[in-house]
Amino acid sequence: MANYGTIPTSSSPGSSTKLEYISRAKERIKAGLGTRQPWKVMFNFRSFNFPGTLSDALARVRKNIAYFTMNYAIVVLIILFLSLLWHPVSLIVFIVMGVAWVCLYFLRDEPLVVLGRTIDDRVVMIVLGVLTIFFLLLTHVTWNVLVSLLVGVVLVLIHGVTRKIDDLSLDEETTGLMSSTHAAGAGDGAGPSS
């Protein structure tokens, strides 16, 4: 009767390991999505105009891509997803490869080891990229994928050129674009001037 009213805990080691993996995955997803900027900042209509010079346009594109990286990735992935809606097999391949990317690249804490050999992150990224393109091409949606990616890139460039950068403060640590060695070497005032 001493345990009456208490919540029983599981003593199996497998369940605690699974819970730790799930909580780590949730933390990494939140951290990744944490680099996303608010949509109302991205689409602040008072912050749009045409650049005066080509160098101003290039500076805008660079800073906007650095600042809105996660937003742009979400937009391109949504466009790609929508282009595959009428091709269910391709959509399934896209979702399966998305899960593979999340599990094998984004949520890993430790290096990937295959047959006793440690695989570099760049190799994992290249292999996953090639496999994703290969499997999507096998489903005969080459034009859908290319057109949707082209539409996504054009939309990103149009937004990047027309969105003023005066009100954006680029913090390398929050955008996650620069490694700590580059950020430390950049010193004060590392962001480009408007």
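Me: How much of residues 65–85 is helix, and how far apart are the end C-alpha atoms?
Reply: In this predicted model, residues 65–85 are 86% helix and 0% strand. The end C-alpha atoms of that stretch sit 27 Å apart.

Me: What does UniProt list for that stretch?
Reply: The unreviewed UniProt entry has residues 65–85 down as "transmembrane region", along with 91–107 and 143–161.

Me: And what's the chain doing over 91–107?
Reply: Residues 91–107 come out at 94% helix and 0% strand, with 22 Å between the end C-alpha atoms.

Me: Switching to H3: what span should that helix have, and what does it have?
Reply: H3 covers residues 54–67, which is 14 residues, so at 1.5 Å a residue it should span 20 Å. Its end C-alpha atoms are 20 Å apart, which agrees.

Me: Which H3 residues are buried?
Reply: Ala-57, Arg-60, Val-61, Lys-63, Asn-64, Ala-66 and Tyr-67.

Me: OK, rings. How many aromatic pairs does the structure hold?
Reply: Five. One of them is Tyr-67 with Phe-68, edge-to-face, at 4.9 Å centre to centre and 85° between the planes.

Me: Are those two buried or exposed?
Reply: Tyr-67 and Phe-68 are both buried.

Me: Why is the Phe-68 and Tyr-72 pair called tilted?
Reply: Their planes are at 55°, so the pair counts as tilted; edge-to-face would need over 60 degrees, and stacked under 30. The ring centres of Phe-68 and Tyr-72 are 6.1 Å apart, and both residues are buried.

Me: Which residues make up the aromatic cluster there?
Reply: Tyr-67, Phe-68 and Tyr-72 form one cluster.

Definitions and conventions:
Residues are numbered from 1 along each chain as its sequence is written. This is a predicted model: local features need pLDDT of at least 70, side-chain atom pairs count only at pLDDT 80 or more; totals for chains, interfaces and linings use all residues. Side-chain values use heavy atoms; hydrogens and water are left out. Helices (H or I, at least four residues) and strands (E, at least two) are DSSP runs, numbered from the N terminus. The expected span of a helix is 1.5 Å times one less than its number of residues. Buried means under 20% relative accessible area, exposed over 50%, partly exposed in between (1.4 Å probe, protein chains only). Rings of Phe, Tyr and Trp (its six-membered ring) pair if their centres lie within 6.5 Å; planes under 30 degrees apart count as stacked, over 60 as edge-to-face and the rest as tilted. UniProt positions are given in the numbering used here, feature names are shortened, and annotations may be inferred rather than shown by experiment.
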